[in-house]
Amino acid sequence: MTNPAIVFVGQNQLELRDEPLQPLQPNQVRVQATASLISTGTEMICYGRKFAPGTHWDEWVKYPFSPGYSLAGRVTEVGAEVSTLHEGDRVAVRTAHRKFSTTTEDQCIPIPDGVSDEDATWFGLGKIVQVGVRRAQHALGDAVVVIGLGLLGQLVVQYTRLMGARQVIAVDTAEPRLRLAAAHGATLTLALPVNEARDAVFQATDGLGADVVYDVTGHPAVFAGALPLARNFGKIVLLGDAGNPSEQRLTSDLIRRGLTITSAHDIYPPSEPTPENYWTSRHIQQLFLTYVERGDLRVSDLVTHRYVPADAEKAYAMLDTDRMNAMGVLFDWRNA
């Protein structure tokens, strides 16, 4: 049985390797992929080594490196101690781009009947963004600015509308991304660099500024331009992990304006629920799939490209040269 897997072997270099399949342990399950989603921001930083030496990126990305963390498929084999999953069950798994994944049952999220495999591949990004909007501690009626309308930014728009924002202002220089944001709930779109957006944001928020500003770009130069868009005592949420964080700059009026700066990362949720925090990673991911099944969140029309794994090099080359016209990029593993 072959097990093709996408592996980064150097800067801007990848191979489709046949990985060996290990014997299944009693507490493990085997999942055969049907689709996996490229996390375009993270994976392109890793693929091109677009990060500074000494950062956590530098410690993480060692070759050979297996990219990807959002896959959907079907259970093909279960260990003797597995009780909640059966052969044929559809599941979403946080694992790399490969045909067969070996994992434990607690790491598999059952896919609801009303959610397609392609839609389910968004569950990893859905978790990351949900961690961010929880960190923002939104109030009903917030005015929100979302800077950067890539995969995460598109989900921020939808989540914040779902949470009762009165205004969701999308800021990006790419018109195709803004059109998608408008179709998914943005109340105002601004095709402007962030440092030119302040007047329009303040006009749309009665001269006050936004209650919450999301920087979802991962570009360090954007951070200083995001701060002036917030109202006094407003919040800035960093939801894009910059490869060169030392280049992010504070503005001189930060303290005087009483701004709160917070960040969000995938690792925050607890593995087990506590009386203070019910929302484990598993619960968050299940909630995302529930929202998709009910139509509260919509991701199917965010997919712009599909590739077979054999064309992985073409997929990453396209993202490197034409990323502004790409959104959801999927690998189809059904015939791999």
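Biologist: In what order do the six strands of the open sheet lie?

Modeller: This is a predicted model. Strands of a sheet pair through backbone hydrogen bonds, either parallel or antiparallel. Here the pairing is parallel, and the sheet is open. The six strands run in the order β10-β9-β8-β11-β12-β13.

Biologist: Which residue of β12 is the bridge partner of Val212?

Modeller: Strand β11 covers residues 210-215, and strand β12 covers residues 230-238. The two run parallel and are joined by five bridges. In β12, the partner of Val212 is Lys235.

Biologist: Which strands does α4 touch as it packs on the sheet?

Modeller: Helix α4 spans residues 123-136. Its direction makes about 150° with that of β11. The strands it touches are β11, β12 and β13.

Biologist: Are α4 and α9 roughly parallel or roughly perpendicular to each other?

Modeller: Helix α9 covers residues 281-294, and its axis lies 9 Å from that of α4. The packing angle is about 110°. Angles of 65 to 115 degrees count as perpendicular in this sense. The two helices are therefore roughly perpendicular.

Biologist: How do the residues of the contact of α4 with α9 divide into nonpolar, polar and charged?

Modeller: From α4 come Phe123, Gly126, Lys127, Gln130, Val131 and Arg134. From α9 come Ser281, Ile284, Gln285, Leu287, Phe288 and Leu289. The division is six nonpolar, four polar and two charged.

Biologist: Which element gives the most to the lining of the second largest pocket?

Modeller: About 170 Å³ of space lies in this pocket. Its lining is Val131, Arg134, Arg135, Tyr268, Pro269, Pro270, Asn277, Trp279 and Ile284. Six of these are nonpolar, one is polar and two are charged. With three residues, the top contributor is α4.

Biologist: At roughly what angle do the axes of α1 and α10 cross?

Modeller: Helix α1 is residues 40-48, and helix α10 is residues 312-322. Their axes come within 11 Å. The angle is roughly 100°.

Biologist: Which residues of α10 make the contact with α1?

Modeller: The α1 side is Thr40, Glu43, Met44 and Tyr47. Across the contact of α1 with α10, the residues divide into four nonpolar, one polar and three charged. On the α10 side they are Glu313, Tyr316, Leu319 and Asp320.

Biologist: How much space lies in the largest cavity?

Modeller: A search of the whole structure finds one cavity of 30 Å³ or more. The largest cavity is lined by Thr40, Gly150, Leu151, Arg177, Leu319, Arg323, Ala326 and Met327. That lining holds four nonpolar, two polar and two charged residues. The space is about 30 Å³.

Biologist: What is the omega of the cis peptide bond that joins Tyr63 and Pro64?

Modeller: Most residues other than glycine have a negative phi, and most peptide bonds are trans. The bond between Tyr63 and Pro64 is cis. Pro64 sits in the loop between α2 (56-60) and β4 (71-78). Omega is about -5°.

Key. Residues numbered from 1 in each chain as written. Predicted model: local features only at pLDDT ≥ 70, side-chain atom pairs only at ≥ 80, totals over all residues. Heavy atoms only, no water. Axes fitted to C-alpha atoms, helices over the stretch in contact; angles between N-to-C directions. Helix = DSSP H or I, 4+ residues; strand = E, 2+ residues; numbered from the N terminus. Parallel < 35°, antiparallel > 145°, perpendicular 65-115°, else oblique. Contact = heavy atoms within 4.5 Å. Nonpolar A, V, L, I, M, F, W, Y, C, P; charged D, E, K, R; others polar. 1 Å grid on protein atoms, 1.4 Å probe; cavity = no way out; pocket = protein on both sides within 12 Å on 5 of 7 lines; lining within 4 Å. Points joined across faces, edges and corners; volume = space filled by probe spheres on them. Pairing = 2+ DSSP bridges.
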